[in-house]
Amino acid sequence: MKRGTPPSAASSDDEGLRSTADSARVAALNAALDGDTDGAETGAAASVADGVEDDLSGVPPEVIAAAAEREGAARAALDAVLAVRDWDAETDVDTLRSAVRVLLGEVTGDRGAAMVGSGGGGAPMAVDHEGLANGHAGGSNGHAVSATRGDVTGGAPTAAGAAVDAAAGAPDKDSDEDEVMGLAGEPSSLAGTAAAGPGSSPAAFASRAKYIPMRLTADERATLRLVEATLSVSDYTGEVDILSYSKAAARKRMHTQLRVLCAILTGLTVAADFKAGAALLESRDFAGNEAWFRSAFEIARRHKVSNPHCMMKVEYGKLMYLLMDAVSPPIARLLGMDVVAPIETVASFLASHGASELLADPLLPVATAEVVATGKTRPVIQREIRAKEAAVERLARRYASPDRSLPADEVRRALYSLGDNNAYLRFSRDACDRMLEMLRHFFHGPGPAAKNELAILAGRGGARLSHGHARQYAFVEQSLVLWREIVHNLFGLWCMADADLLDSSNGYTLRNTGQGLHRVQQAPRVERAMANILRNVQAKIQTGWVGSSVVHIADANVPNAYTFLIKYTHVQDLLMPIINVLDGLDSLARKDARVNSLIVDAWGDVEGARRAILRDFFRHAFDGSGADSFFSAGSCIDGRMTSAWNWCAKIESKSFYPLFLLSGFTSFDGKW
């Protein structure tokens, strides 16, 4: 029996239900097809359904009445379809419900979008309030964020009619399944938005998927907790990283490395499988458990890449230093195994199951889009959520293997992994976009230049650089754009850093850098990637690059790839507290008259307070301070971040610090 087809009649009740369903299908199909022949009626139906009186001056009253009548008929027909309960076991009830909900979403969707679409019938308008396809100021963004408004009538009636047709018993075929999800024909507002972004093209998805790790399964999370617990009680680096200058001391250090490594590996095995651990204690045959060790350490590394900001802040460093020693040729020979496995990414996972074509599927931008609620009505948000859920289910069914080698749940896990990356980018990278918006809003143009608002002079206020307003504006803008691009590519940089750190042919030296004892190691992959990012940013700059282009890696300032990445995983920790304070000033002033009086007395009004905070930040968070020499701070790529953190360390001395405290600020350590 074909999926989606009701079983044969068994009773008069069944016949009645089937008759109702057939009538419902015909009524709904006719209503949708009628709407397809007249875009104005579809737009009017959307307006009536939403209960909002839009500007319908150009639409005849009889058209509005006809559209409202058809809307009522379609709703009644759909209710009748949902009343059918005697579908057989093969019927995908969730598909039926999704089809009906998507149809209702298309009928009762955004009024403005429907009316625009009905009037012109042209290309989708997938833009937000600033006219940008991806919901923020960056043109080459990697994640697809749904827009505030969009043209949904370009193909919605056809998709809606097909949805009811399939739900009521249309023959099963692949093209019909696309229509069942309500996503056939022209894209909906969510689909149009996602497809509009350059980062949502098939080529972009294929490129990004190479560095986006797969989500952990439930079993993998249990293993992760075991690895984390083991590392949390270990003092590996404290025991191993001891500087020595004699050959005897070097041999002793290698012995210590081996002893501590074996203790950790044995403890992990005993905790995971007592019998296997007992056997390992007797035999010391670590190679017999090589596959499990490789899997356990890969899970921990993959989890950190997926959550670079908040997970395993201490344990990850111990893990990587432990693995750096484990892959060194002398230790690896003694252990008789390789404990490092490649990180499982979305691309490698799909390729191993023969499903790489998923990354080129036109529904992928919809299924992985970030639904942003800002500036949208609840119906619009719900419609975008339904469209996303429908796309996920459609892709899960399409690419699941009949032999269960790739279950639908695993396809969903791959889709959710891509969505996790989108969520991270919105959380971290968009903070740079917000700062860029405020920089351009408050300090761009001839007015501020005349006041010389952003000018800094070496020796004053702790500054180590001397810039006029225009030069400092360009310096800050370029720095924020560079941070944005680094954060945008952070998952790829992290995978490259993982490869650099665990390259057995790329050893390290233990050195006192002046900031403690560190493992200094070359990072060729990260260096090449950073050179490309910097070159791309400089190519976009029209006014010329300001400051130094030196990127510190494998020196006293940035000893290795791990310490390099740690600097940029906290960009949002630096920017978000400031953004939160600035956004909350209006509410703070309204709630408390005393706070409002403080703001008025000191800065004139709330806008003046915002300007004062931003002026101080854009001047002294980018003034070259924070170190004893220009080589360590100044205007180099890493020195810009050093200066910003130096400003954060001095926040308590600022005149506006009370506003931070009143706004709930605690620190710049990510606990905002």
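**Entry 1: confidence**

pLDDT is the predictor's confidence in each residue, on a scale from 0 to 100. I began with this value, since the structure is a predicted model: local features need pLDDT of at least 70, side-chain atom pairs count only at pLDDT 80 or more, and totals for chains, interfaces and linings use all residues. I note also that residues are numbered from 1 along each chain as its sequence is written, and that side-chain values use heavy atoms, with hydrogens and water left out.

I looked up the chain average and found a mean pLDDT of 74, with 68% of the residues at 70 or more. Residues 24-57 have pLDDT below 50, and the model gives this stretch 62 contacts beyond near neighbours in sequence; a contact means heavy atoms within 4.5 Å. Residues 99-198 also stay under 50 in pLDDT, with 235 contacts in the model beyond four places in sequence. Where pLDDT is low, the predicted coordinates should not be read in detail.

**Entry 2: the chain as a whole**

I recorded 30 helices and two strands. These elements are DSSP runs numbered from the N terminus, helices being H or I of at least four residues and strands E of at least two.

Of the 672 residues in the chain, 52% are buried. The term buried stands for under 20% relative accessible area, exposed for over 50%, and partly exposed for values in between, computed with a 1.4 Å probe on protein chains only. I then turned to contacts between residues at least 6 apart in sequence: 75% of them join residues at least 24 apart.

**Entry 3: the hairpin**

I examined strand 1 (residues 508-512) and strand 2 (residues 517-521), which pair in the antiparallel sense over five bridges. Two strands pair if DSSP finds at least two bridges between them. Leu510 has Arg519 of strand 2 as its bridge partner, and Asn512 stands opposite Leu517. Four residues lie between the strands of this hairpin, where Gly514 takes a positive phi near 95 degrees.

**Entry 4: helix packing**

Two packed helices are described by the angle between their axes and the distance between the axes. The axes are lines fitted to C-alpha atoms, for helices over the stretch in contact, and the angles run from 0 to 180 degrees between N-to-C directions.

I looked up helix 10 (residues 218-232) against helix 15 (residues 315-326): the angle is about 85 degrees and the axes are 9 Å apart. The two helices are therefore roughly perpendicular to each other. By definition, angles under 35 degrees count as roughly parallel, over 145 as roughly antiparallel, 65 to 115 as roughly perpendicular and the rest as oblique. Glu228, Leu231 and Ser232 of helix 10 make the contact with Glu315, Lys318 and Leu319 of helix 15. I sorted these residues into two nonpolar, one polar and three charged. Here Ala, Val, Leu, Ile, Met, Phe, Trp, Tyr, Cys and Pro count as nonpolar, Asp, Glu, Lys and Arg as charged, and the others, Gly among them, as polar.

Next I took helix 22 and helix 29, whose axes come within 11 Å and cross at roughly 100 degrees. This pair is therefore also roughly perpendicular. Phe475, Ser479, Leu482 and Trp483 of helix 22 meet Ile637, Arg640, Met641 and Ala644 of helix 29. The classes in this contact are six nonpolar, one polar and one charged.

**Entry 5: helix 25**

I checked helix 25 (residues 561-568) and found six of its eight residues buried, so the helix is largely enclosed by the rest of the structure. The buried residues are Ala561, Tyr562, Phe564, Leu565, Lys567 and Tyr568. Their cover includes helix 15, helix 22 (469-488), helix 23 (490-501), helix 24 (524-540), helix 26 (571-591) and helix 29 (637-649).

**Entry 6: single residues**

I found Glu485 in helix 22. Glu485 is buried, with a relative accessible area of 11%, and touches Ile533, Val537 and Lys540, leaving aside residues up to four places away in sequence.

Trp647 belongs to helix 29 and is buried at 1% relative accessibility. Beyond four places in sequence, the residues that Trp647 touches include Ile578, Asp616, Phe617, His620 and Phe668. The C-alpha atoms of Trp647 and Leu574 are 9.8 Å apart, across 73 residues of sequence.

His441 lies in helix 20 (residues 408-443) and is exposed, with a relative accessible area of 56%. I noted a C-alpha separation of 10.0 Å between His441 and Arg611, which are 170 residues apart along the chain.
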